[in-house]
Amino acid sequence: MSITVEQVREALAPVKDPEIGRTLLELGMIKDIQVSGNDTDVTVELTTAACPLKSTIENSCRDAIKAALPSIGTVNIHLTARDSRKGTAKSTPLPGVKNIIAVASGKGGVGKSTVSANLAVALADMGHRVAVLDMDFYGPSIPKMFGITEEKPTVDNDMIIPVVAYDVKVISIGFFVEDDSPVIWRGPMVHAALKQFVEEVKWGEIDYFILDLPPGTGDIQLSMVNMLPVTGAVIVSTPQDVALLDARKAVSMFASTGVEILGIVENMSYHICPECSHKSHIFGDSGARKYAEEKKFPFLGDLPLELSVRQTGDGGKPFFLCLDENDELRQRFAKIARNLVSSVDVRNLTKPAAAVVSRQPSGCH
Ligand SMILES: Nc1ncnc2c1ncn2[C@@H]1O[C@H](COP(=O)(O)OP(=O)(O)OP(=O)(O)O)[C@@H](O)[C@H]1O
(Lines give C-alpha, C1' and ligand atoms only; values in the text may rest on other atoms or scores of the structure.)
Protein backbone atom coordinates (compact mmCIF):
# COMPACT_ATOMS: atom_id res chain seq x y z
CA MET A 1 0.00 0.00 0.00
CA SER A 2 1.45 3.36 -0.96
CA ILE A 3 1.97 6.24 1.42
CA THR A 4 -0.55 9.12 1.50
CA VAL A 5 -0.03 12.88 1.85
CA GLU A 6 -2.03 12.75 5.09
CA GLN A 7 0.32 10.13 6.57
CA VAL A 8 3.33 12.33 5.77
CA ARG A 9 1.59 15.34 7.31
CA GLU A 10 0.85 13.34 10.47
CA ALA A 11 4.45 12.17 10.63
CA LEU A 12 5.58 15.79 10.50
CA ALA A 13 3.12 16.94 13.20
CA PRO A 14 5.58 16.77 16.15
CA VAL A 15 8.46 18.56 14.36
CA LYS A 16 9.15 21.92 15.95
CA ASP A 17 11.09 24.97 14.85
CA PRO A 18 14.03 24.67 17.27
CA GLU A 19 14.29 28.42 17.76
CA ILE A 20 10.61 29.28 18.14
CA GLY A 21 9.55 26.07 19.91
CA ARG A 22 6.27 25.68 18.00
CA THR A 23 5.46 23.03 15.41
CA LEU A 24 6.19 23.68 11.73
CA LEU A 25 2.58 22.84 10.91
CA GLU A 26 1.28 25.31 13.48
CA LEU A 27 3.59 27.99 12.06
CA GLY A 28 2.42 27.28 8.50
CA MET A 29 5.96 26.39 7.46
CA ILE A 30 5.04 23.13 5.70
CA LYS A 31 4.09 24.55 2.33
CA ASP A 32 3.67 21.45 0.22
CA ILE A 33 3.67 17.65 0.46
CA GLN A 34 3.83 15.52 -2.67
CA VAL A 35 3.76 11.73 -2.73
CA SER A 36 4.72 9.56 -5.64
CA GLY A 37 4.51 5.82 -4.93
CA ASN A 38 6.57 5.39 -1.79
CA ASP A 39 8.60 8.56 -2.23
CA THR A 40 7.77 11.98 -0.84
CA ASP A 41 8.76 15.59 -1.49
CA VAL A 42 8.14 18.09 1.32
CA THR A 43 8.57 21.87 0.93
CA VAL A 44 9.42 23.75 4.13
CA GLU A 45 9.37 27.54 4.15
CA LEU A 46 11.95 29.07 6.50
CA THR A 47 11.67 32.52 8.03
CA THR A 48 14.91 33.53 6.32
CA ALA A 49 17.22 31.96 3.74
CA ALA A 50 20.09 32.53 6.17
CA CYS A 51 18.38 30.47 8.92
CA PRO A 52 21.29 29.02 10.94
CA LEU A 53 19.18 26.00 11.91
CA LYS A 54 18.11 24.99 8.44
CA SER A 55 19.98 21.67 8.41
CA THR A 56 18.53 20.82 11.86
CA ILE A 57 15.03 21.49 10.54
CA GLU A 58 15.71 19.47 7.38
CA ASN A 59 17.05 16.50 9.36
CA SER A 60 14.22 16.61 11.91
CA CYS A 61 11.64 16.46 9.11
CA ARG A 62 13.38 13.58 7.39
CA ASP A 63 13.89 11.65 10.65
CA ALA A 64 10.26 12.14 11.73
CA ILE A 65 8.91 10.85 8.41
CA LYS A 66 11.24 7.84 8.38
CA ALA A 67 10.45 6.97 12.00
CA ALA A 68 6.67 7.15 11.51
CA LEU A 69 6.63 5.49 8.07
CA PRO A 70 9.31 2.78 7.95
CA SER A 71 8.26 1.65 4.46
CA ILE A 72 8.88 5.11 2.96
CA GLY A 73 11.23 5.35 -0.04
CA THR A 74 13.08 8.57 -0.83
CA VAL A 75 12.39 11.61 1.35
CA ASN A 76 13.25 14.93 -0.30
CA ILE A 77 13.04 18.03 1.88
CA HIS A 78 13.05 21.28 -0.10
CA LEU A 79 13.84 24.42 1.89
CA THR A 80 12.54 27.78 0.67
CA ALA A 81 12.49 31.18 2.39
CA ARG A 82 9.76 33.73 2.58
CA ASP A 83 10.49 37.41 1.96
CA SER A 84 12.69 37.26 5.00
CA ARG A 85 10.68 38.00 8.12
CA LYS A 86 8.61 40.70 6.54
CA GLY A 87 6.18 41.93 9.17
CA THR A 88 4.88 44.95 7.32
CA ALA A 89 2.72 45.13 4.20
CA LYS A 90 4.28 45.96 0.83
CA SER A 91 2.50 49.29 0.48
CA THR A 92 4.10 50.84 3.52
CA PRO A 93 5.45 54.35 4.01
CA LEU A 94 8.73 52.71 5.06
CA PRO A 95 9.30 50.23 2.23
CA GLY A 96 12.81 49.18 3.34
CA VAL A 97 11.68 48.40 6.88
CA LYS A 98 10.78 44.80 7.71
CA ASN A 99 9.53 45.05 11.27
CA ILE A 100 8.29 48.04 13.23
CA ILE A 101 8.43 47.42 16.98
CA ALA A 102 6.76 49.94 19.29
CA VAL A 103 8.26 49.99 22.77
CA ALA A 104 5.65 51.30 25.18
CA SER A 105 4.83 51.60 28.85
CA GLY A 106 1.82 52.76 30.77
CA LYS A 107 3.81 54.68 33.36
CA GLY A 108 6.82 56.99 33.01
CA GLY A 109 10.26 56.16 34.32
CA VAL A 110 9.90 52.38 34.21
CA GLY A 111 12.89 51.96 31.90
CA LYS A 112 11.26 52.00 28.49
CA SER A 113 14.11 53.95 26.83
CA THR A 114 16.70 51.78 28.59
CA VAL A 115 15.01 48.70 27.13
CA SER A 116 14.68 50.33 23.67
CA ALA A 117 18.35 51.32 23.54
CA ASN A 118 19.62 47.96 24.73
CA LEU A 119 17.28 46.03 22.45
CA ALA A 120 18.59 48.09 19.53
CA VAL A 121 22.25 47.38 20.24
CA ALA A 122 21.59 43.72 21.14
CA LEU A 123 19.75 43.17 17.83
CA ALA A 124 22.54 44.98 15.94
CA ASP A 125 25.06 42.76 17.75
CA MET A 126 23.15 39.73 16.38
CA GLY A 127 23.81 41.08 12.87
CA HIS A 128 20.46 42.76 12.21
CA ARG A 129 20.05 46.19 10.65
CA VAL A 130 18.47 48.36 13.31
CA ALA A 131 17.04 51.87 13.67
CA VAL A 132 15.58 53.72 16.65
CA LEU A 133 13.07 56.52 16.35
CA ASP A 134 12.72 58.28 19.69
CA MET A 135 9.27 59.87 19.82
CA ASP A 136 9.32 60.35 23.59
CA PHE A 137 8.82 64.11 23.39
CA TYR A 138 8.24 64.41 27.15
CA GLY A 139 11.77 63.20 27.82
CA PRO A 140 13.76 62.16 24.75
CA SER A 141 16.58 60.24 26.42
CA ILE A 142 17.77 58.14 23.48
CA PRO A 143 20.50 60.60 22.28
CA LYS A 144 22.01 60.62 25.78
CA MET A 145 21.86 56.84 26.08
CA PHE A 146 23.65 56.51 22.72
CA GLY A 147 26.25 59.12 23.68
CA ILE A 148 25.08 61.50 20.95
CA THR A 149 25.77 64.86 22.54
CA GLU A 150 26.99 67.15 19.76
CA GLU A 151 26.18 65.36 16.52
CA LYS A 152 22.93 66.20 14.72
CA PRO A 153 21.33 64.59 11.68
CA THR A 154 22.50 66.03 8.38
CA VAL A 155 20.43 66.80 5.29
CA ASP A 156 21.21 65.36 1.87
CA ASN A 157 18.99 66.06 -1.16
CA ASP A 158 16.20 67.26 1.13
CA MET A 159 16.32 64.01 3.10
CA ILE A 160 17.36 63.79 6.75
CA ILE A 161 20.24 61.38 7.38
CA PRO A 162 20.06 59.67 10.79
CA VAL A 163 22.97 59.76 13.22
CA VAL A 164 24.64 56.35 13.51
CA ALA A 165 25.80 55.20 16.95
CA TYR A 166 26.88 51.66 17.89
CA ASP A 167 25.70 50.45 14.43
CA VAL A 168 22.19 51.77 15.03
CA LYS A 169 20.54 54.55 13.01
CA VAL A 170 19.08 57.06 15.44
CA ILE A 171 16.57 59.86 15.05
CA SER A 172 15.20 61.56 18.14
CA ILE A 173 12.65 64.26 18.56
CA GLY A 174 15.26 65.63 20.97
CA PHE A 175 17.52 66.55 18.00
CA PHE A 176 14.93 69.05 16.84
CA VAL A 177 13.97 70.89 20.02
CA GLU A 178 16.11 73.07 22.24
CA ASP A 179 17.10 71.43 25.51
CA ASP A 180 15.24 73.73 27.86
CA SER A 181 12.35 74.87 25.71
CA PRO A 182 9.05 73.83 27.23
CA VAL A 183 7.28 72.39 24.22
CA ILE A 184 3.65 71.49 24.67
CA TRP A 185 2.96 68.83 22.12
CA ARG A 186 -0.54 68.88 20.78
CA GLY A 187 -2.08 66.21 18.55
CA PRO A 188 -1.49 67.84 15.15
CA MET A 189 2.13 68.70 16.02
CA VAL A 190 2.81 65.16 17.12
CA HIS A 191 1.29 63.86 13.93
CA ALA A 192 3.30 66.28 11.77
CA ALA A 193 6.57 65.39 13.52
CA LEU A 194 6.02 61.66 13.08
CA LYS A 195 5.02 62.19 9.44
CA GLN A 196 8.22 64.09 8.81
CA PHE A 197 10.37 61.40 10.44
CA VAL A 198 8.63 58.74 8.39
CA GLU A 199 8.64 60.52 5.04
CA GLU A 200 11.72 62.70 5.13
CA VAL A 201 14.32 60.50 6.80
CA LYS A 202 16.53 58.26 4.67
CA TRP A 203 16.18 55.10 6.78
CA GLY A 204 17.28 52.62 4.12
CA GLU A 205 17.03 48.87 4.66
CA ILE A 206 16.13 48.02 8.26
CA ASP A 207 15.24 44.68 9.88
CA TYR A 208 14.03 46.08 13.21
CA PHE A 209 12.74 49.63 13.46
CA ILE A 210 12.29 50.45 17.14
CA LEU A 211 9.89 53.18 18.04
CA ASP A 212 10.43 54.52 21.55
CA LEU A 213 7.06 55.99 22.58
CA PRO A 214 6.26 58.36 25.42
CA PRO A 215 4.52 56.68 28.37
CA GLY A 216 0.76 56.43 28.32
CA THR A 217 -1.84 56.15 25.62
CA GLY A 218 -2.05 59.52 23.92
CA ASP A 219 -1.83 61.24 20.55
CA ILE A 220 1.40 59.68 19.40
CA GLN A 221 0.07 56.15 19.77
CA LEU A 222 -2.93 57.18 17.68
CA SER A 223 -0.75 58.80 14.98
CA MET A 224 1.55 55.80 14.97
CA VAL A 225 -1.10 53.20 14.25
CA ASN A 226 -2.75 55.47 11.68
CA MET A 227 0.52 56.10 9.86
CA LEU A 228 2.66 53.00 10.26
CA PRO A 229 2.09 49.26 9.85
CA VAL A 230 3.26 48.28 13.32
CA THR A 231 4.45 44.67 13.56
CA GLY A 232 3.82 44.67 17.29
CA ALA A 233 4.43 46.24 20.67
CA VAL A 234 6.77 45.46 23.53
CA ILE A 235 5.38 46.59 26.88
CA VAL A 236 7.83 47.53 29.61
CA SER A 237 6.60 47.51 33.20
CA THR A 238 7.95 47.33 36.71
CA PRO A 239 6.40 44.57 38.83
CA GLN A 240 4.25 46.70 41.12
CA ASP A 241 0.48 47.04 40.82
CA VAL A 242 0.34 50.71 39.96
CA ALA A 243 2.69 50.35 36.98
CA LEU A 244 0.87 47.23 35.88
CA LEU A 245 -2.46 48.97 36.00
CA ASP A 246 -1.12 51.50 33.49
CA ALA A 247 0.52 48.76 31.44
CA ARG A 248 -2.89 47.10 31.14
CA LYS A 249 -4.29 50.34 29.69
CA ALA A 250 -1.46 50.47 27.13
CA VAL A 251 -2.16 46.85 26.21
CA SER A 252 -5.87 47.44 25.73
CA MET A 253 -5.15 50.44 23.54
CA PHE A 254 -2.94 48.33 21.27
CA ALA A 255 -5.48 45.51 21.32
CA SER A 256 -8.25 47.88 20.25
CA THR A 257 -6.26 48.79 17.14
CA GLY A 258 -5.23 45.23 16.36
CA VAL A 259 -1.54 45.74 17.20
CA GLU A 260 0.02 42.47 18.34
CA ILE A 261 1.60 42.34 21.80
CA LEU A 262 5.02 40.84 21.08
CA GLY A 263 5.84 40.54 24.74
CA ILE A 264 6.29 42.01 28.18
CA VAL A 265 9.61 43.01 29.74
CA GLU A 266 9.70 43.33 33.52
CA ASN A 267 12.24 45.96 34.55
CA MET A 268 13.62 46.61 38.04
CA SER A 269 12.33 43.15 38.99
CA TYR A 270 14.71 42.68 41.89
CA HIS A 271 17.86 44.03 43.45
CA ILE A 272 20.87 42.05 44.53
CA CYS A 273 22.67 43.72 47.43
CA PRO A 274 26.32 44.17 46.38
CA GLU A 275 27.38 43.73 50.04
CA CYS A 276 25.54 40.56 51.06
CA SER A 277 24.04 39.28 47.74
CA HIS A 278 20.57 39.34 49.29
CA LYS A 279 17.88 39.44 46.60
CA SER A 280 15.04 41.85 47.35
CA HIS A 281 11.92 42.66 45.34
CA ILE A 282 11.71 46.40 45.88
CA PHE A 283 8.79 46.95 43.52
CA GLY A 284 6.91 43.71 44.19
CA ASP A 285 7.43 40.19 43.00
CA SER A 286 6.94 39.11 39.36
CA GLY A 287 3.79 41.17 38.76
CA ALA A 288 4.52 41.72 35.06
CA ARG A 289 5.47 38.08 34.55
CA LYS A 290 2.20 36.95 36.14
CA TYR A 291 0.27 39.44 34.05
CA ALA A 292 1.89 38.08 30.86
CA GLU A 293 0.99 34.54 31.91
CA GLU A 294 -2.59 35.56 32.69
CA LYS A 295 -3.05 37.24 29.29
CA LYS A 296 -0.99 34.61 27.42
CA PHE A 297 1.45 37.23 26.12
CA PRO A 298 5.06 36.16 25.62
CA PHE A 299 7.14 37.07 28.67
CA LEU A 300 10.40 38.27 27.13
CA GLY A 301 12.34 38.43 30.39
CA ASP A 302 13.20 40.49 33.43
CA LEU A 303 15.98 42.85 34.44
CA PRO A 304 17.28 43.68 37.90
CA LEU A 305 17.50 47.14 39.38
CA GLU A 306 21.22 47.66 39.08
CA LEU A 307 23.44 50.66 39.46
CA SER A 308 25.48 49.81 36.35
CA VAL A 309 22.31 49.95 34.21
CA ARG A 310 21.72 53.55 35.21
CA GLN A 311 25.37 54.58 35.14
CA THR A 312 26.02 53.20 31.66
CA GLY A 313 22.76 54.58 30.27
CA ASP A 314 23.43 58.01 31.68
CA GLY A 315 27.05 57.70 30.57
CA GLY A 316 26.17 57.32 26.89
CA LYS A 317 26.68 53.62 26.21
CA PRO A 318 23.92 51.00 26.66
CA PHE A 319 24.88 48.51 29.40
CA PHE A 320 24.66 45.60 26.95
CA LEU A 321 27.77 46.91 25.19
CA CYS A 322 29.67 47.63 28.42
CA LEU A 323 29.56 44.06 29.71
CA ASP A 324 31.64 41.04 28.96
CA GLU A 325 29.94 38.37 26.80
CA ASN A 326 29.86 35.97 29.76
CA ASP A 327 28.32 38.49 32.11
CA GLU A 328 25.02 37.30 33.61
CA LEU A 329 23.22 40.60 32.96
CA ARG A 330 24.36 40.75 29.35
CA GLN A 331 23.27 37.16 28.77
CA ARG A 332 19.95 37.89 30.45
CA PHE A 333 19.37 40.79 28.07
CA ALA A 334 20.59 38.83 25.02
CA LYS A 335 17.87 36.30 25.86
CA ILE A 336 15.26 39.08 25.94
CA ALA A 337 16.40 40.16 22.44
CA ARG A 338 16.32 36.56 21.16
CA ASN A 339 12.86 36.06 22.65
CA LEU A 340 11.70 39.19 20.85
CA VAL A 341 13.07 37.90 17.52
CA SER A 342 11.19 34.61 18.06
CA SER A 343 8.03 36.44 18.97
CA VAL A 344 8.29 38.56 15.80
CA ASP A 345 8.89 35.40 13.75
CA VAL A 346 5.84 33.67 15.22
CA ARG A 347 3.74 36.75 14.56
CA ASN A 348 4.96 37.02 10.96
CA LEU A 349 4.44 33.33 10.28
CA THR A 350 0.97 33.12 11.77
CA LYS A 351 -0.63 36.52 11.06
CA PRO A 352 -1.11 38.65 7.93
CA ALA A 353 1.46 41.40 7.29
CA ALA A 354 0.86 44.41 9.53
CA ALA A 355 -1.06 47.26 7.96
CA VAL A 356 -1.91 50.86 8.80
CA VAL A 357 -5.19 50.99 10.73
CA SER A 358 -7.87 53.57 10.23
CA ARG A 359 -9.60 52.69 13.49
CA GLN A 360 -9.32 54.99 16.48
CA PRO A 361 -7.98 53.34 19.60
CA SER A 362 -10.53 53.12 22.40
CA GLY A 363 -10.04 53.73 26.11
CA CYS A 364 -7.11 56.03 25.65
CA HIS A 365 -7.18 58.06 28.80
N1 LIG B 1 17.11 48.15 35.59
C2 LIG B 1 17.52 49.35 35.96
N3 LIG B 1 18.40 49.50 36.99
C4 LIG B 1 18.81 50.74 37.35
N5 LIG B 1 18.42 51.88 36.76
C6 LIG B 1 17.55 51.78 35.74
C7 LIG B 1 17.05 50.52 35.28
N8 LIG B 1 16.22 50.76 34.24
C9 LIG B 1 16.19 52.08 34.05
N10 LIG B 1 16.97 52.72 34.94
C11 LIG B 1 17.20 54.15 35.09
O12 LIG B 1 15.95 54.76 35.40
C13 LIG B 1 15.82 56.02 34.74
C14 LIG B 1 14.56 55.99 33.86
O15 LIG B 1 14.77 55.03 32.83
P16 LIG B 1 14.29 55.30 31.34
O17 LIG B 1 14.61 56.68 30.90
O18 LIG B 1 14.76 54.16 30.52
O19 LIG B 1 12.72 55.17 31.61
P20 LIG B 1 11.51 55.58 30.67
O21 LIG B 1 10.41 54.65 31.03
O22 LIG B 1 11.92 55.62 29.26
O23 LIG B 1 11.23 57.02 31.20
P24 LIG B 1 10.37 58.18 30.53
O25 LIG B 1 9.06 58.08 31.18
O26 LIG B 1 11.12 59.40 30.93
O27 LIG B 1 10.34 57.98 29.08
C28 LIG B 1 17.11 56.22 33.95
O29 LIG B 1 18.01 57.00 34.71
C30 LIG B 1 17.67 54.81 33.80
O31 LIG B 1 19.07 54.78 33.68
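Are H3 and H11 roughly parallel or roughly perpendicular to each other? In this predicted model, the axes of H3 and H11 (residues 328-350) come within 9 Å and cross at roughly 80°. Angles of 65 to 115 degrees count as roughly perpendicular, so H3 and H11 are roughly perpendicular to each other.

**Helix contact**
- On the H3 side, the contact uses Asn118, Leu119, Ala122 and Leu123.
- Phe333, Ala334, Ala337 and Leu340 meet them from H11.
- Seven residues of this H3–H11 contact are nonpolar, one is polar and none is charged.

**Ligand shell**
- The ligand is surrounded by 21 residues.
- Gly108, Gly111, Lys112, Ser113 and Thr114 are the closest.
- H3 (112-125) and H9 (307-314) each supply at least two residues of the shell.
- H9 gives the most, with four residues.
- The shell has 10 polar, six nonpolar and five charged residues.

**Sheet**
- Eight strands form an open sheet with mixed pairing, in the order E8-E9-E5-E10-E4-E11-E12-E15.
- E8 (163-165) and E15 (299-302) are the edge strands, each pairing on one side only.
- From one strand to the next, the twist averages 25°.
- E5 (residues 130-134) and E10 (residues 206-212) run parallel, joined by five bridges.
- Asp134 has Asp212 in E10 as its bridge partner.

**Helices on the sheet**
- H8 (residues 287-295) packs on the sheet and touches E11 (232-237), E12 (261-266) and E15.
- The direction of H8 makes about 155° with that of E12.
- H11 also packs on the sheet, touching E4 (97-104), E11, E12 and E15.
- The direction of H11 makes about 165° with that of E12.

How values were computed
Residues numbered from 1 in each chain as written. Predicted model: local features only at pLDDT ≥ 70, side-chain atom pairs only at ≥ 80, totals over all residues. Near = placed C-beta within 6 Å. Nonpolar A, V, L, I, M, F, W, Y, C, P; charged D, E, K, R; others polar. Axes fitted to C-alpha atoms, helices over the stretch in contact; angles between N-to-C directions. Parallel < 35°, antiparallel > 145°, perpendicular 65-115°, else oblique. Contact = placed C-beta atoms within 7 Å. Pairing = 2+ DSSP bridges.
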